[in-house]
Structure formats: structure tokens, C-alpha cells
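Please look over the sequence and the model before reading on.

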Amino acid sequence: MTEVRPNGQYDDKSLGELVAIATGSVSRLVKSELELAKLELKGDAKKAALGSTLFAVAGVIGGVVVILLSIALAYGLVALGIWNWAAFLIVAGFYVLLAAVLILIGLWRMKKMSGAKRSRQSVMEDFAMLRRGGDSEDKPALEE
């Protein structure tokens, strides 16, 4: 009969039985780790959802503030003696110019993107090496 000692060792077990016990223990350990990861990710997902909601609300409030400040600027121009329609047109023109500058900066930054040239080159070299079969230059290892 098989007995378990207080220190966790098994007596009179065959190798197959010990492997089965070890496999079951590893399986339980993996399942427990996965459950822990799920719980942690669920908590992080809730925190991320709350954070993104707060960012969205702050963005909406920021947009309202920009609108209010724009109206205040236009009325400030009216107070300086500029016609109402001209003051609002000046403020709108300022935002059109700002948007154009931001678009140009964005296009300039996008043109500077490299497109992972080094990674592409490395992959092409790896494929070339596999086709050659490592160091030998005379026969390809992979045929297309």
C-alpha cells in the first residue's frame, strides 16, 4: 500500500504513478496561475475603462472651454471696435491656420517614418541564409 509521509513524499509508487501525480500537480498549478492572471486583468480592465472615461469627459470639457474662449476672444475684438462678423471671422481664420500648421507638421513627421527598414533587412537576410542552407553557398536549403 502507498503511504504519504508528513513531508509530502510518496512510498511504494511506481514511476508512472509518480509522473501522473506530477502532471496533475503541474496542471493544477497552471490552472491556478491562469485564474490569477484573469482576476488581475479583470481588475486592470476596470481601471483602464474608468481612466479612459475620465479622459473622454476631460476632452469634452476642454472642447467646451475652447469654444467659450473663442467666443470671448471674438467679443473682445468687437469691444476693440471690429464689426461682429469680422471678429468671428478672424477667430475662425486663426483656427483654420492652426489646423493647417498642425496638418503640415503631421505630414512632415509621417514622411520621416522609416517603416522598420532594419527589421525588413534582417528578415530578408534570414530567408537568404535559409535558402543557402546556412554557410554553404552551393545548394539551397529551401526550395520555392
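Two residues are in contact when heavy atoms of theirs lie within 4.5 Å. A residue is called buried when its relative accessible area is under 20%. The model described here is predicted.

**Helix 2 and its cover**

Helix 2 runs over residues 84-111. With 28 residues at 1.5 Å a residue, helix 2 should span 40 Å, and its end C-alpha atoms are 41 Å apart, so the two values agree. The buried residues of helix 2 are A86, A87 and V91. Helix 1 is included in what covers these buried residues.

**S70 in helix 1**

Helix 1 takes in residues 15-79, and S70 has its place there. Is S70 buried or exposed? S70 has a relative accessible area of 11%, and because buried means under 20%, S70 counts as buried. The side chain of S70 reaches the backbone oxygen of V66, at 2.7 Å. When neighbours within four places in sequence are left aside, S70 is in contact with V91 and Y95. V91 is one of the buried residues of helix 2, and Y95 lies in helix 2 as well. The relative accessibility of Y95 is 33%, which means that Y95 is partly exposed.

**A nonpolar patch**

Y95 is also part of a nonpolar patch on the surface. Which element gives the most to the patch? Helix 2 does, with seven residues.

**The salt bridge**

Side chains of opposite charge can pair when their charged atoms come close. How many salt bridges does a search of the whole structure find? The search finds one. It joins K38 and E35, with the closest N and O atoms 3.8 Å apart. Both residues lie in helix 1, three residues apart, or about one turn of the helix. K38 is exposed, at a relative accessible area of 52%, whereas E35 is partly exposed, at 45%.

| Residue | Relative accessible area | Class |
|---|---|---|
| S70 | 11% | buried |
| Y95 | 33% | partly exposed |
| E35 | 45% | partly exposed |
| K38 | 52% | exposed |

Key: Residues are numbered from 1 along each chain as its sequence is written. This is a predicted model: local features need pLDDT of at least 70, side-chain atom pairs count only at pLDDT 80 or more; totals for chains, interfaces and linings use all residues. Side-chain values use heavy atoms; hydrogens and water are left out. Patches are made of residues with over 30% relative accessible area and no salt bridge: like charges are joined within 9 Å, nonpolar side chains (Val, Leu, Ile, Met, Phe, Trp, Tyr) within 5 Å. Accessible areas come from the Shrake-Rupley method with a 1.4 Å probe; for residues, only the protein chains shown count as cover. A salt bridge is a side-chain nitrogen of Lys or Arg within 4 Å of a carboxyl oxygen of Asp or Glu. Helices (H or I, at least four residues) and strands (E, at least two) are DSSP runs, numbered from the N terminus. Buried means under 20% relative accessible area, exposed over 50%, partly exposed in between (1.4 Å probe, protein chains only). A polar contact is a pair of N or O atoms within 3.5 Å; within protein, one must be able to donate a hydrogen and the other to accept it, and residues adjacent in sequence count only if both atoms are side-chain atoms. The expected span of a helix is 1.5 Å times one less than its number of residues.
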